[in-house]
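Thanks for coming. I will go through one protein chain, a few residues at a time, and then step back to the chain as a whole.

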Amino acid sequence: MSQHELHSDSDDGMDAFMDKFKTQRYKNAFSENDWEEEFNKIPMFMKNAPEEIDPQKYPELACLQSIIHDEDRPPEEQAKSLKDEGNAYFKEKNYQKAVVAYTAGLKKKCADQDLNAVLLTNRAASHFYLGNMRSALNDAAAAKKLKPDHLKALIRGAQCCIELRHFSEAIQWCEDGLKVHPTDKKLRELRAAADKHKRAAERDARKAKAKEKKLHGEKEALLNAIKVSIRDGASNDERSPAAIAELSLDGLSSQEVTGAQVFVDEQGSLQWPVLFLYPEHQQSDFISAFCENSCFTDHLGVMFEELPPWDADRKYLPQNLQLYFEDEEKETLYRVDPEMSLLKILQHKRYFVKAGTPSFIVLVKGSSYCKQFLSGRKIHGL
């Protein structure tokens, strides 16, 4: 048979083979509708690994998993396979699964310390991106202990310390690294960053301390002014030393949402935040700066110049109001003369300022609620 005939027979055979596809469809081919889904089941072409590996749905992947986790293989081989598995998860940014894989590799306790250092460093990286800085730092430290010159472990340890704001430790990590990698750019950058943060933190701490000292001095001066103001004009039998001693620096800050607190004005007078309570209607008024030398009538006239919306009966007129303060210890009410100054009330031996804000109860005299409220209570006049 000539060479030409051989080629001719071959061509004829190929033509006949190809003609089959014109009438017969390949039975095992991917369909046009789900070829991408089927393609993604092949381990080599998977974009993401499934959460659970079903042998029926992913037979090839299940086979590979069984090879990776074959307990009959040497620990080094198993640890390396698990490291590769963790790396694959890490590339997918599935850091939780990466941690699981690296941990499983470390549990093999293989004799290859370089491999163990890599597993620890890789797990540290996964923890770092999960925000588990303390765990990441522990892994970096363990890797450094196994392999003191491991560059990635040294870098990761410094990064963790910076994130944890342990700047001195971060500097030490960088200096340890630069001893064995003196030209490494990343270590130098981290060293500079840690030093900058450390100096900034120290500067902020000095400022905070100076501010705290200044505020403490101001509070002490204010406390002394309060004690002097309360003592002046109060005889020993009106104001006991024990009552004055109850005042403290911590008690000067008002608990009101406005943050208002007592202060000394330009004339040297104390301006107090004062709370008025209306138990009949469960309402309140707050004056942020009530001068100690002002009388209650001065403020009541302004407060009730227009009647409040909750006073439907229009009873809360300045001339109808009675003021009281309560001595909780003796369960006694003291009636306040509206013509008195706030300072005079504060000098009373049974008045104690609570939460930095003097408070007073306001009732409508002669009203049924006022009689009911006062019924059975001990009442003293000033």
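Gln-282 is exposed, with a relative accessible area of 74%. That counts as exposed because the cut-off is over 50%. Before going further, please keep in mind that this is a predicted model. Gln-282 is found in the loop between β2, residues 270-278, and β3. Its backbone has a feature worth noting: phi of Gln-282 is near 55°, a positive value in a residue other than glycine.

There is another residue of this kind. Arg-314 has a positive phi of about 55°, and Arg-314 is not a glycine. Where does Arg-314 lie? It sits in the loop between α12 and β4. Arg-314 is exposed, with a relative accessible area of 59%.

Now to some residues on the inside. Is Leu-300 buried or exposed? Leu-300 counts as buried, because its relative accessibility is 2% and the limit for buried is under 20%. Leu-300 belongs to helix α12. Setting aside neighbours within four places in sequence, Leu-300 is in contact with Pro-318, Leu-321 and Leu-323. Leu-300 and Gln-319 are 19 residues apart in sequence, and their C-alpha atoms are 9.1 Å apart in space.

The next one is Ala-194, in helix α10, which covers residues 185-231. Ala-194 has a relative accessibility of 0%, so it counts as buried. Which residues does Ala-194 touch, not counting those up to four places away in sequence? They are Ile-162, Phe-167, Ala-170 and Ile-171. From Ala-194 to Glu-169 the C-alpha distance is 8.9 Å, and the two are 25 residues apart in sequence.

A buried residue can also be in a loop. His-150 is placed in the loop between α7, residues 133-146, and α8, residues 151-163. With a relative accessible area of 12%, His-150 is buried. Leaving out neighbours within four places in sequence, the contacts of His-150 are Ala-117, Val-118 and Thr-121.

One more loop residue is Cys-295. It lies between β3, residues 283-291, and α12, residues 296-303. Again leaving out neighbours within four places in sequence, Cys-295 is in contact with Phe-290, Pro-338, Glu-339, Met-340 and Ser-341. Cys-295 and Leu-343 are 48 residues apart along the chain, with 8.9 Å between their C-alpha atoms.

Next, a pocket. I will take the second largest pocket, which holds about 340 Å³ of space. How many residues line the second largest pocket? The lining has 19 residues, and Glu-326, Asp-327, Glu-328, Lys-354 and Ser-359 lie nearest the centre of the pocket. The largest share is from β4, which supplies four residues. Sorted by class, the lining has 11 nonpolar, two polar and six charged residues.

Now the chain as a whole. The protein chain has 14 helices and seven strands. It has 382 residues, and 36% of them count as buried. Take the contacts between residues at least 6 apart in sequence: 56% of these join residues at least 24 apart. The accessible surface of the protein chain is about 23,900 Å², and 50% of that belongs to carbon and sulfur atoms.

Last, the confidence of the prediction. The mean pLDDT of the protein chain is 82, and 73% of its residues reach 70 or more. Over residues 4-9 the pLDDT is below 50, and this stretch has two contacts in the model beyond near neighbours in sequence. Residues 236-246 also have pLDDT under 50. How many contacts beyond four places in sequence does the model have for residues 236-246? There are 21.

To go back over the residues: Gln-282 is exposed, and so is Arg-314. Leu-300 is buried, Ala-194 is buried, and His-150 is buried. When you look at the model again, a place to begin is helix α12, where you will find Leu-300. From there, go on to Pro-318, Leu-321 and Leu-323, which are in contact with Leu-300.

Definitions and conventions
Residues numbered from 1 in each chain as written. Predicted model: local features only at pLDDT ≥ 70, side-chain atom pairs only at ≥ 80, totals over all residues. Heavy atoms only, no water. Helix = DSSP H or I, 4+ residues; strand = E, 2+ residues; numbered from the N terminus. Buried < 20%, exposed > 50% of the residue type's maximum accessible area, 1.4 Å probe, protein only. Contact = heavy atoms within 4.5 Å. Areas by Shrake-Rupley, 256 points an atom, 1.4 Å probe, with all protein chains shown as cover. 1 Å grid on protein atoms, 1.4 Å probe; cavity = no way out; pocket = protein on both sides within 12 Å on 5 of 7 lines; lining within 4 Å. Points joined across faces, edges and corners; volume = space filled by probe spheres on them. Nonpolar A, V, L, I, M, F, W, Y, C, P; charged D, E, K, R; others polar. pLDDT = per-residue confidence, 0-100.
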